[in-house]
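Hi everyone, thanks for coming. Please have a look at the sequence and the structure on the screen, and then I'll walk you through a few spots.

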Amino acid sequence: CSSNGERQDYTSEADLYEQAMGQLNSSRWESAISSLQLLEEHFPFGKYAEQAQLELIYAYYRSGDPDAATASADRFIRLHPQHRNVDYAYYMKGLAAYDKDENFLATIIPLDQTQRDPGAARESLAYFTQLLNRYPDSSYAQDAKKRMLYLRNRLARYEIHVANYYFKRGAYLASVKRGQYVLENYQGTPSTPDALAVMVQGYHLLGMDELSDRNLAVLRLNYPDHPAFDNNGEFNFQHGDVEERSWVSKATFGLFDKRDPRGFDSRRVYDPQYQDTPRASQ
Amino acid sequence: CSLFSDKDGTEPMELVEFEPTVEIERLWKRGTGVGQGDGYTRLEPAFDSELLYVADYRGELSAINRETGKVQWDRDLDTVLAGGVGLGSGQLLVGTDEGEVLALDINDGSELWRTQLSSEIMSTPVGDATVVAAHTLDGRLSVLDASTGEVLWFYDNPPPTLTLRGRSSPVVTPSAIYAGFSNGRLMAFNPKNGLILWEQRVAMPKGRSDLEKMVDIQASPVLVDGILYVSGYQGRLMAISRGSGRPLWGIDSSSYQELWYDENELFITEDNSAVVSYDANGGTEKWRNEKMLRRLLTGPVAAGEYIAVADDDGYIHILNRNNGSFAARTNIDGSGVRAPLWSDGETIYVLANDGKLAAYRIAPK
Amino acid sequence: CQYFQFPGVHKINVQQGHVITEEMIGQLEPGMNKRQVRFILGTPLIDDMFNDDRWDYYYSLKTGDGRFFKRTLTVYFDGDTYTHYEGENLPEPTPEDDELPENNLEPDTPVPSNS
Amino acid sequence: QTFRVNDIRVEGLQRVSAGTVFSAIPIRVGDTLSNLDVQRATRELFKVGLFTDVSIGRDGDVLVIMVEERPAINEIAIEGNKVIKTEQLMESLTENGLSEGQIYQSATLNMISQALEREYIGQGRYGASVDLEVEDLPRNQVKVLVEIDEGETARIRKINIVGNEAFANDELLDLFELQTTGLFSWITGDDKYNREKLTGDIERVESYYLDRGYLAFNLDSTQVSLSPDKSKVFITLNVTEGDVYTVSDVDLAGDPAIDERFIRRMILMREGQTFSQALMTTSSEYITNRLGNEGYTFAEVEGIPERNDEDKTVKVTFFIDPKKRAYVRRINFRGNTTTQDEVLRREMRQMEGGAASTAQIEHSKVRLERLGFFKEVTVDTVEVPGVADQVDVDFTVEEQPSGSMGLQLGYAEYSGLIISGNIQQNNWFGTGKQVGISASHSNYQTAYNFRYNDPYFTVDGVSRGFNIFYQSSDYARANVSGYSTDVFGGNVSFGYPISDVERLSFDIGFRNLEVKPTSYSVREIINTPLYSSSASYITQSELLEIQEKISSGEDSPFVPYDPTPVPSLQDDVDGVRGQPGFLDVHGREFHDFVANAGWAKSTLNRGVLATRGASQRLGIETALPGGDLEYYKVTYDAQMFQPLTRHLTLRLRTSLGWADSYGKTEELPFFEHYYAGGFGSVRGFERNSLGPRGTYAESSFAPYTAWDDVNGDGVIDNSELASAYYVLCEDPDMGGYNPARQTCRPGELMTNSGGQVTDQSRSFGGNLLVETSAEIIFPLPFIEDQRSFQTAFFIDAGNVFDTNCGATQVNCFDFALDRMSIAAGLGLTWISAFGPMTFSVSEAIQKNELDDEKGFNFSMGQTF
């Protein structure tokens, strides 16, 4: 008693490919995926095989399965390293990771993505960089560059948040290293001024005033209007020595009116993207 | 389709109806301890002129008069047995599942000596006046001094990863010891110093899985006028000249039960429980009874004009010796029979798995 | 530290930077190249991009009960060869007494014995 | 004749790639070919086995190879396999190059059957058999139908160990994963032979011996044998034990890097002790950790035993290689897509830029798990490429719902229609702040509550929170004696850690409470019956005289008895009206400042559904002097987890409460009483139903004390009777009343009793709470995700007692063990997306007469 029903009858390779293209155009991703897989299974060396694999990556991506899209892109790169549009596969890997970075909750409530898991963003940046190194004049390079800009800013801001925490914690060497990481890896992002401010304050608190002053000079030269400068141009060391406390906070063991140090966040001044879509601070 | 009915060709065949042509007369029947236990042991009685010596797996040994079935003496060895009861000269030999060989005085079963060997003794130890040979589960043949029990020499034949339960008992003669191993090899040794006289491959491992590569020689070889008849599992039935080890003839036949030689005829139960008779000289098949397939038959024994086999449900089938047709059938006990049967040509002795022992004689109708 | 605190708030130790022992400093000899200095003292955590002829080794430990210990060691190079060092609060040779260092403070992180 | 090949063309290819053809034939463009070469090429092509027909011809100087491909396998259908899933079988087929789309070659058939049979034999199913049929399909394709008969698994009938004197067979067999067929084998399948499991078991036996000094232990050989019908497996292990070795000397080698005395302290082995491999490996671990704490994260320590066979002693040397002291460059977090980075980083005990310490990294991982936000936390320390002494610490977390969010629309018999919505989030949008908003309305309670708490108001973990609430409830419906309260208030709370596992917490707040008794409130709350100001009473003996006169038909005496007026409660000096209720004494409105102080210590291993560690909490709540009430309540809760076996954990829990009034409040206010019963307390009993009951409200008793023979028939019938006075009881046996309906307490006015004491709705609570519970937590056999499930057999015991029971209270005792209500049963907790759901089924073992059993409990949103 044979159990499974009659398999989907298909005619030739071309019809199957046609059918898959039809499903793709009408955004029926699931059925497109199964037709493409069927095509690849039965005509592994047919003339549509390679194109089918490329379409498969796109179908997985659009069906909201970034991991499968990355996996099939890797497979394509392994099978056809010299293929004329292998750059599409690299690009799709970057795009899939880029989507994974967007948290579904963020679509409902304005969550500040820069304070959350940077892993997916780093992967996406790495894939896009790979694309640009290998195929600088690929047709996808333009869009990739634009996305990389956003990713670098996001990752740089993440480093500054961590540096701010370590100031609060009192681990000034950690803050300095985070600042340094931004200056080394993410120059020219809106977080660079904050990174310099972190270095200035960090070295000051480590007692290395020579290094602190050197960074202060660079900061003052390039970003004179950084919020850390008070009106007469002096750098305000927020976390260092005890600034005076209101009697209220003394009376209530610091529970009220604690005036928590804000940490460095000059996105309003230097980050154009931030100005037009201000994200919540949380 | 086959998914639901259980008749899928792997269960034992039903009993065949037939008109018995002989009577089976039961001389006596008695219980002898608790039988084979859970270790799938094949403890068998030892026979001498008028007594038989039988033991159960808990070590209860009793000597019984072959004619009357009366117990002459019995003794509790107080140890878990795995192999036995073997006959030495004036000695009874048993093997324990902790790997010890015990030699007992044949008159009262008192312990003469006891020696620790390397593994479980799943075969009946055998001996003569000078030596005692025991084949342990780890494939080692140990030969001990019959009087002191001291280990004279041993030969290792490591078994393959998967073997049949139990081992083949060696054949001890003054001039040579013949032993079948579970890697399919039959070897002859000099009893005094263990030098290898000759070696013969009885079964060749073939196939890729452990199951297909099983090639145990499970039955003990039968030595008759200078010729050794030996059968292997998934191997061959061969006649080998005892002196040179040269094979006289060999045919493809897979069997793990004891074979029986009687007046130039070899009776054998194959691994699918077909009973076959071969001409001892050339190995040509005389007849084959395939009506009791998969009933896990014991090896056949001959008694006069008839052949007897027992199965896993305790039925004893009597076949005509010349054409293998059914002659009679009786039942000893529902617990089934695993121990090899024995016959002195006239009386057939059957030991059931739960320890029931009976003697039968075949009388013309 | 900054503001009046609840009595007995448990604070964790905050340790930063390199442990520099007297034995390490003892091994430094002028004329060594950078690779040898790096092997003795370890990789400097602060590698300032601006100039490369000085390496700063910083060490600090702020214990939960408010004690603070700081030690710095700056190593100077002329090109690739080490010339001299200067530092603050450097370790003296530890006296070879047999019992454990007197304040046997075994915080989670190492405190040079003479803090 | 020969000809030169300029080009090669292949025709007829469908599934085979041209490359395969070119690699098979030894001909290249440009060769000159003879007929012999052509034949050899044809033979080579046939040998490839992919073509049914090959013919090579010439077209001018182009070599034309016409091939006809062998059919491809369109489909492999497998049937009859139950134990091994089809996917797994297909996988093993593809591994052997047999999958749909492959070319069907002659050898394919038996390769398929062999591959499948090997799968089954690997699982000990020796009796399995495979047969195949090939069905032709159009367009040069075939379908392979595989029919599998899985046969019986060989079951282990006996495991025998030979040569073991020191330890008996069954002591060793306990270590085995493989077992002989037992009671539960049909579920666990532990009696199915499996080679990997056997190797695992053998290793366990070896380490069992090595841990007990048998350094020379050796497993000589193992035999696995099969019964002829392939249904039973027998395993025999042959061992030689050798002798017990004792430790002769322990010393260190290599560079200890820190003071040798610290290291010596970590070594568990002493001279003269029997050698134990377990002790040796644990000592090495301790040393490695100790070095790890000093920053030597990559330290390697290995214990090497050197046997001295003559005197059976062993010299143990610990080789220490500290490698470079490592520093942490960066700490990275992955998986926290909702939770903010700072919420994780503030739990870190390891600092970036500091010496790496294995203990601190491990400790940070435990602290992350204790947050209760993550289902799984894993950490690994990775070397920074190119830098010898720097590491990155990578944490990967898997988030889980850390709160509950729900809208309940329900109906319950005691509360009518319930509409309630609540959001309780411990990780509010990933900020780590705890926010609770709840609003609920039912006919017995309307409640609004807003709770906010920031556990990390300061970086050291000083927490600050606010809470405002309004609640009006009519307890009559909730098994609590008839009164209702309206309360609103708010408080500020803060707390801080005093050690790594202990926290102090304080809160202070204002509370406005108004208690509204009802006409049937129990007498402990307000004194009943209520008398009007003009009421007066006579004595019981005078009542008897009157009843005497009525029955004798005498005229009503005009001479009035001299009744005494019923005093108001305040000046009821001699207690004629009985005990005053609480509200009579203390009034009905209470404005109080309530302060709480608490100490909590927790070493639980997980925030939610913990399985190890312990937690304790001691809290003192006081209504501060200056408010209307002055009382204090001390509560102590503790729980402890003790792993029993790999799967079973024992959980002991207790909560004790003692409360009393002080200063101007005479007794503990009844609305501050403890209650017991139901979830989180004593399962198996109605919610809040255990312990003392209040006395029923009583109504006044005015017997007939005046009569007038209006119709002059000489007989006083009912219409001619009237009651004028209440009666003071002197002696219950004097009569003059119906004891079933009236109560006569000497020295008090007689009252109409309020009805039988059956309904437990008047549970009144008490000022002493004693509860304990023991549970055996076991894993559900078929559930994969064990982390959000917890099932347990439990025994709960507890009750509420009162140190000064009211005279008329029922079921009210001082503390006594035989008064504890005990129930045993099975409980299940499931952390669902809507919050924790709990079920329990139970049976009472010991209960007081009035306890109200409840065999099945279900609740949402409460974790006990």
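One definition before we start: a residue is buried when its relative accessible area is under 20%, exposed when that area is over 50%, and partly exposed in between. Do keep in mind that this is a predicted model.

You'll find D:D708 in chain D, in the loop between β32 (706-707) and β33 (721-722). And which position sits 12 residues from D:D708 in sequence, yet 5.6 Å away in space? That is D:E720, with the distance taken C-alpha to C-alpha.

As a reminder, a disulfide is a covalent bond between the sulfur atoms of two cysteines. How many turn up over all chains? The search of the whole structure finds 2.

One of them joins D:C729 and D:C744, with 1.7 Å between the sulfur atoms. This link is right-handed, with 75 degrees about the S-S bond. D:C729 is in the loop between β34 (726-728) and β35 (742-743) of chain D, while D:C744 is in the loop between β35 and β36 (751-752), so the pair ties together parts that are 15 residues apart in sequence. Both D:C729 and D:C744 are buried.

Another disulfide is formed by D:C805 and D:C812, their sulfur atoms 1.7 Å apart. Here the torsion about the S-S bond is about -85 degrees, so the disulfide is left-handed. D:C805 is partly exposed, at 31% relative accessibility, whereas D:C812 has a relative accessible area of 12% and is buried. If you number the bonded cysteines of chain D in sequence order, the pairing reads 1-2, 3-4.

Now please switch to chain C and find helix α2, residues 34-41. Which residues of this helix are buried? They are C:K34, C:V37, C:I40 and C:L41. Those residues cover an arc of only 125 degrees around the axis, so they lie on the same side of α2(C). They pack against α1 (22-27), β2 (54-62), β3 (68-78) and β4 (81-88) of chain C. On the face turned away from that buried side, you'll see the exposed residues C:R35 and C:F39.

The two ends of the helix deserve a look too. At the start of α2(C), a side-chain oxygen of C:N33 comes to within 2.9 Å of the backbone nitrogen of C:R35. Just after α2(C), C:G42 has a positive phi of about 95 degrees.

That's my tour, and I'm happy to take questions.

Terms used: Residues are numbered from 1 along each chain as its sequence is written. Chains are lettered from A and ligands numbered from 1 in the order in which they are written. This is a predicted model: local features need pLDDT of at least 70, side-chain atom pairs count only at pLDDT 80 or more; totals for chains, interfaces and linings use all residues. Side-chain values use heavy atoms; hydrogens and water are left out. Buried means under 20% relative accessible area, exposed over 50%, partly exposed in between (1.4 Å probe, protein chains only). Helices (H or I, at least four residues) and strands (E, at least two) are DSSP runs, numbered from the N terminus. The arc is that of the directions from the helix axis to the C-beta atoms. Contact means heavy atoms within 4.5 Å. A polar contact is a pair of N or O atoms within 3.5 Å; within protein, one must be able to donate a hydrogen and the other to accept it, and residues adjacent in sequence count only if both atoms are side-chain atoms. A disulfide is a pair of cysteine sulfur atoms within 2.5 Å.
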